[in-house]
Number of protein chains: 2
Amino acid sequence: MSNVNWIDSEEEEDFTEISPLLVQKRDQFISPTIIESLDYDRCPNEPYMNFISTKTKQIISYLNLKDWIMFSLIGVATGLVAFAIDMGVTFLSKLKFDNTYKYVKRYNSLLTVPMTIYIGVSLLYCLIASAFVAFTPEAAGSGIPEIKCYLNGIRLPKVVRIKTLVCKAFGVMFSVAGGLPCGKEGPMIHSGAALGAGIPEGLSRLVKRMGFTESFFGVHDDRSKRDFISAGAAAGVSAAFGAPLGGVLFSLEEGSSFWNQALTWKTLFCSMCSAFVLQILKSAIETKTAGIGNKYSGLINFGEFKCADGSNECMLWGPQDLIVFILMGAVGGLLGAMFNQLNLYITKYRINHVNMKGRVVRMMEVALIGIVISSLAYVSINTAGHCVRWNKNGTEKELQNLMRTWHCPEKKHLYNDYGTLAFNSQENTIKMLFHHFNYSDLNSTNNESTDLPLQATYHPLSLVIFLVLLFLTACWTYGIGVPSGLFVPCLLIGATYGRIFAFCYQQIFKTTNPSLFYPGTYALIGAAAFLGGVVRMTISLTVILIETTRNISYGLPIMLTLMVAKWVGDLFNKGLYDIHIELKHWPLLEWEAEPLWETIRAKDLMKSNLEWLNPRPTVGRVVEILKRTKHSAFPVCMYTDSQQGGGTLRRNAAKLGITVNDRSQLRLLGLILRSQIVTLLKKEQYFDLDGPELEGLTHNQLTEFYPKYPDIDDITLTIADQNKIIDCKKYMNPCPYTVSPLAPITKVFTLFRSLGLRHLIVVNNMGEVEGIITRSELQEHHIERVYRDKVEKDNTIAGSTTDLRAQPGLGGKIQRLEGVSPSEFLQIPQPTRTLRTF
Amino acid sequence: MSNVNWIDSEEEEDFTEISPLLVQKRDQFISPTIIESLDYDRCPNEPYMNFISTKTKQIISYLNLKDWIMFSLIGVATGLVAFAIDMGVTFLSKLKFDNTYKYVKRYNSLLTVPMTIYIGVSLLYCLIASAFVAFTPEAAGSGIPEIKCYLNGIRLPKVVRIKTLVCKAFGVMFSVAGGLPCGKEGPMIHSGAALGAGIPEGLSRLVKRMGFTESFFGVHDDRSKRDFISAGAAAGVSAAFGAPLGGVLFSLEEGSSFWNQALTWKTLFCSMCSAFVLQILKSAIETKTAGIGNKYSGLINFGEFKCADGSNECMLWGPQDLIVFILMGAVGGLLGAMFNQLNLYITKYRINHVNMKGRVVRMMEVALIGIVISSLAYVSINTAGHCVRWNKNGTEKELQNLMRTWHCPEKKHLYNDYGTLAFNSQENTIKMLFHHFNYSDLNSTNNESTDLPLQATYHPLSLVIFLVLLFLTACWTYGIGVPSGLFVPCLLIGATYGRIFAFCYQQIFKTTNPSLFYPGTYALIGAAAFLGGVVRMTISLTVILIETTRNISYGLPIMLTLMVAKWVGDLFNKGLYDIHIELKHWPLLEWEAEPLWETIRAKDLMKSNLEWLNPRPTVGRVVEILKRTKHSAFPVCMYTDSQQGGGTLRRNAAKLGITVNDRSQLRLLGLILRSQIVTLLKKEQYFDLDGPELEGLTHNQLTEFYPKYPDIDDITLTIADQNKIIDCKKYMNPCPYTVSPLAPITKVFTLFRSLGLRHLIVVNNMGEVEGIITRSELQEHHIERVYRDKVEKDNTIAGSTTDLRAQPGLGGKIQRLEGVSPSEFLQIPQPTRTLRTF
């Protein structure tokens, strides 16, 4: 994130909020609009406290039960969607492969007819997929960057809509079946998240429409929405990989701020429901019974790692292999970094030269890549493929149907190795690379002996060509205008690399004893290494891979490999998801600051120019501020002149909110959100000072417009309203999180991440507002600049570290209006009514 | 925790800290001493900031590497210890069983000889185990309550010492081999935690002794110690159950405050190392090769759940069974609650009548229970055991060696069912209940037909007798003076219950088709239900059981069962670990407050009487306060009279720390720990106001005494020192976490749990200290009382909820010294030197 200036904080004025960030127009994935932060904090204002004080034990139990039902519904729905996607892909692929293969057999030597059919069908599929994206640009890509951002606390518009879900689900069926090197796993996770957002809201609307009160039913804050989306994403992972634990850890790793035991437990339940539904449906189709056997069926199934001779006693790997795995991880990290760098260049080019030119050009790019990929595959099979002897007894039953003889004489028990790799679904190819060792021979067309190296199942040249082509096309594909996941292509590339590695290893060490050398392990580790090198995920990826291989004894090897791959990759660039997040200028919040920056304090980071409101400002003033700024929240403050000590404040500016640059006398009372003020205005919650006070809004009325609050420009006010008063203090958050100006950056990060904050107010030990920290202040490039400034300053001012006294902001950056007394700001007539001291 | 008044807050004066809690003397598990809270917060004082500002990139990398090495060492050591315990138990058990069984065979009808041997050996083992506990009382029990408290943030003395580890490890070998119904898993987790504490400290001392600087090496704060202990506990779970993920989630569920990605990743690595070492060693012993096959070997191994006919296609359970599982969960919850209640009565009795009488009586109790259990087992085998026909082909090879014919005629292929259950290790019995269905017949002694119900492997009467005896003896055993885990006995009881349930189910529904009815599933669910009903753990237990069964398709059933068991059990009492924690009066901090209490605010909870210090108090005053109170931290404050507004404070009391009851003018500057002050005194860091200032301590010097800081009574001071000044402001934490008096209790809990706090200072919007919240204020019984008071008050005062103004404390409880002006407190001569305004 270091090189991107997504917001130029030197020039901009408004920093109360990350907000008002216009995404550059040339990026058409997300149409230009406002990106806001999510707020995980609760606002315990008066209406909220009244609201919760009505909660009896019964209502609490009901709410709890409602939550459980909601989480299970999300899980079930995600399982169903994942199943539908899987069935769709299987059906479409079967249609394509079977028809083509039929013609391959019929026109044995004539290549053009099946080739035309193959390419034509692939092209058609690709075009359909891209049409979905043209219709809903948010459905493009894997969706993981979007979900990552959402869980991180960025409200991306339209990402979790039902329309996006539908387009993504149908789109990915066609893009995967179209032969593009992309997976359906990312889109499934995205679908789960969309269901997590959609189901509670949909049910809430339904209940409302049916005439029931929905006071305890709806989702009226970012907090519960984010919880549901976390659970949905977890359920998506669970369905895609059959990894419920991996799903929960994915949600935790990517997003969850605070390890909340109850929420984690519910998320796990949601994941389990999703995995269960999928398993029931899959086993119903496979075995025609609605029972759960001990055969495991997640969507991705790598098959069981077992010994070549079928026994349970062989050695899959030994302790000495750990060193080999570390080496493989390093190479995987390098390859991954290469992949990311190449994709970065391609994507930058694409943003500037393809996406700019509109939807049709984007669709044309998809068509082009579809044609290129299917042609390449087709040509390579016929030119690069080797005929390899097939040892039927040494091959698992499940894999036997996947063998492609192509033009190799079937009678001689030969198969085309490249055809077998390229003319199957990616999942099946991975399974073959993991488990297919047929004890045949490199030159088996001539040679009849069988005790030959294991790895000769695929000719190394075929593997290398397959690897290179797949690497390049996958790199080209990620980012085009179709829904496309990244996991499966990366696993496939990695598994191919692993088999090549195993071949080399075997050639060097001349290991031929199959009970001491198991190529499947190297394929698995290769897959982990490359995937880790590309996405740089840690905990959740380890768990997902362990759950997918169903073999916990691969835990340490997978973990070591991923670790090394990440370390090596991080030397060169970021993970691919992060690269794409940067390209889209989404302000991701990292887990923690660099340890090097630990000496930075809150006062160095904060923005010290801020807008504030009085506890009871006039409508006119408030509207003026709301229209002028884009801030999403305003500290509610009082000016003091402290004639009396200890507890009493004299109000000077009772009516207005003004911008002051000298914040040293602003006592913090609370924080009010833009959404709250707008709701108050819309609901006409303002009053004359002389007139009777209003009854006030309830908590439900206050959050009624969630998530789309009216725009300030849509609110019409009469001239007479202008001088009426809004009661901010009743609706504000009276206890926003605050931090001392002296708090080190680690503390700020901990607070932000672990509490899911949107605003953190910097308050000194006099209770005075010194500044505010939001997501934008915690962006890497901003901290980096602050750190540079600080180091420079430290070098010039000696002994500055011993001065613990709060320095008001960042020295040179504060624009104090010297010589302007507070009263000069306050030329608006003060209300005469005595407000209760607050 | 509701009925225990472990601290009587009405009468006590000192509430700055949970601290000075004298555990009742009659409880000899933990000898009476001070229990303190752990502090997970960092103190970014001047020495610390200087310390970290010297960190270069190289040092950061070195520290990171050091951490990784440390975590892997802890994992490896835990694996080794677990392996040693396992070997020890196996060896000792084999010695006992083999010798007895030899005599059973020899004196076929004469029971006394083998019986004497059996009881004698068991008695000897039990006595040895109890001798270890007599030597180190902390080694008693499972250790999980202790670890739970430690991870929760309570520093229990001597719990993670090496001596405790050694006694626990050796003790548990003998108690398990002695035939007591206890497991070795809890003690393994305890051992892991002890290694987590011991290894970094031991290495640190070693490096120091070798003459190296250990500035960057040692563990000098609670934070890193707690991290290492978390990892150690995770490694212990990982080793005990072969469940690395379960281990990580155990640590997170029980303790970790804040989901820290980097720490979780390191903990997972530690767990993986532990599992790996164990697996290597076990497979080296079993297969004589140092390789990892696909045969999985954690310490507990429930075996693979597969179909009776050996195929992979049968049905282990169907969707309709989910209802059955819920029912089983409810019954399990009931049984668990019964178990807990019974154990509660027994333990209370034991505390009052056994433990009080000293070590010898405790040992005698162990001897008694050892004799009773082994006699019961022996007698039951010979009286209650049924001879059952053994279908050798239907039995897995692994289980065949476990069959006990006892006095049943071996030639007729009969075995004694009770003997098979009781005369094996508990793990093996569980394995048999899960997997042993021999298609034989109830009355197989007479009947030769073989297509008879599955469940007749064990006569239902034998199962019921086994269940009842085991239930009672396990209940009696938990809490006696030996190291004894709870997991395995509970699983065994539950599995027996599950098989009885399966028998009834089969009798009712007449299901005989083995491919539709799989008794092993019911045994597993029964085991989960009972264990869940006893311990009431959720996430980690689910994951542990899934990992142990190696079958993720049991995920949903296990989770549902545990959930229902917990809900049902919670209607009656708490989990057994929590019951024992309550009995020991350890102040556990719950995850969150009851939702009913959401209206309680920080000001209702806090303690408003507190001791504070000036930024530069005199030595005499400080010593007086330290000796008078037991507080572990003191707010550093200033008195204001606010003649000037905005930013300037006039110091009235520059020299002393005094107790004020009117806190309304105390401006919070920071927080200083008792340990810091004591270190300053010990290192003679005080100075004359006229003399030169001191150079000051470095961060390493300041934390040098960790974890055992000198007692204030051990510090000798001259009269001349009394008037010297201590510079608190240099060493205090300048930015302690604070909270608004208006913050609701949920916010306070979130802060405490997610940040691992020890002190949370309540500060109003004037920057004035209103009170302090520590662990003791967040205890259930305290909140309950506050809630009751509040409800009463709300009922008398109408409209009080609309008054958002900070009320100073809890109305009636504040002892304001009316009419006493601040200056009356300040009769000690003020220093004349001008201190910098701070």
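Predicted model: local features only at pLDDT ≥ 70, side-chain atom pairs only at ≥ 80, totals over all residues.
Two residues are said here to be in contact when heavy atoms of each lie within 4.5 Å of the other.

In chain B, helix α3, spanning residues 112–135, and helix α5, spanning residues 162–177, approach each other, their axes coming within 7 Å and crossing at roughly 160 degrees. Because angles over 145 degrees count as roughly antiparallel, α3(B) is roughly antiparallel to α5(B). The crossing of α3(B) past α5(B) is left-handed. On the α3(B) side, the contact is made by B:Y125, B:I128, B:A129, B:F132 and B:F135. These meet B:K163, B:C167, B:F170, B:G171, B:F174, B:S175 and B:A177 of α5(B). By class, the residues of this contact between α3(B) and α5(B) comprise nine nonpolar, two polar and one charged.

Helix α8 (residues 244–254) of chain A packs against helix α18 (residues 539–549) of chain A at an angle of about 170 degrees, and the two axes are 8 Å apart. This angle makes α8(A) roughly antiparallel to α18(A). From α8(A), the residues taking part are A:P244, A:L245, A:G246, A:L249, A:F250 and A:E253, while α18(A) supplies A:I539, A:S540, A:V543, A:I544 and A:E547. Seven nonpolar, two polar and two charged residues make up the contact of α8(A) with α18(A).

Chain A also contains an open sheet of three strands, ordered β11-β12-β13, with mixed pairing. Strands β11 (738–739) and β13 (769–774) of chain A are at the edges; each has a single partner strand, so one side of each is left without a neighbour in the sheet. Strand β12 (residues 759–763) of chain A pairs with β13(A) in the antiparallel sense over five bridges. Within these strands, A:I761 stands opposite A:I772 of β13(A). Helix α26 (residues 745–755) of chain A packs on this sheet and touches β11, β12 and β13 of chain A, its direction making about 145 degrees with that of β12(A).

B:F276 lies in helix α9 (residues 261–287) of chain B. Its relative accessible area is 14%; because buried means under 20%, B:F276 counts as buried. Leaving aside residues up to four places away in sequence, B:F276 touches A:W317, A:P319, A:L322 and A:L556 of chain A, together with B:I292. B:F276 and B:G79 are 197 residues apart in sequence, yet their C-alpha atoms are 7.8 Å apart in space.

Key
Residues numbered from 1 in each chain as written. Chains lettered and ligands numbered in written order. Heavy atoms only, no water. Axes fitted to C-alpha atoms, helices over the stretch in contact; angles between N-to-C directions. Helix = DSSP H or I, 4+ residues; strand = E, 2+ residues; numbered from the N terminus. Parallel < 35°, antiparallel > 145°, perpendicular 65-115°, else oblique. Left-handed = near helix turned anticlockwise from the far one by under 90°. Nonpolar A, V, L, I, M, F, W, Y, C, P; charged D, E, K, R; others polar. Pairing = 2+ DSSP bridges. Buried < 20%, exposed > 50% of the residue type's maximum accessible area, 1.4 Å probe, protein only.
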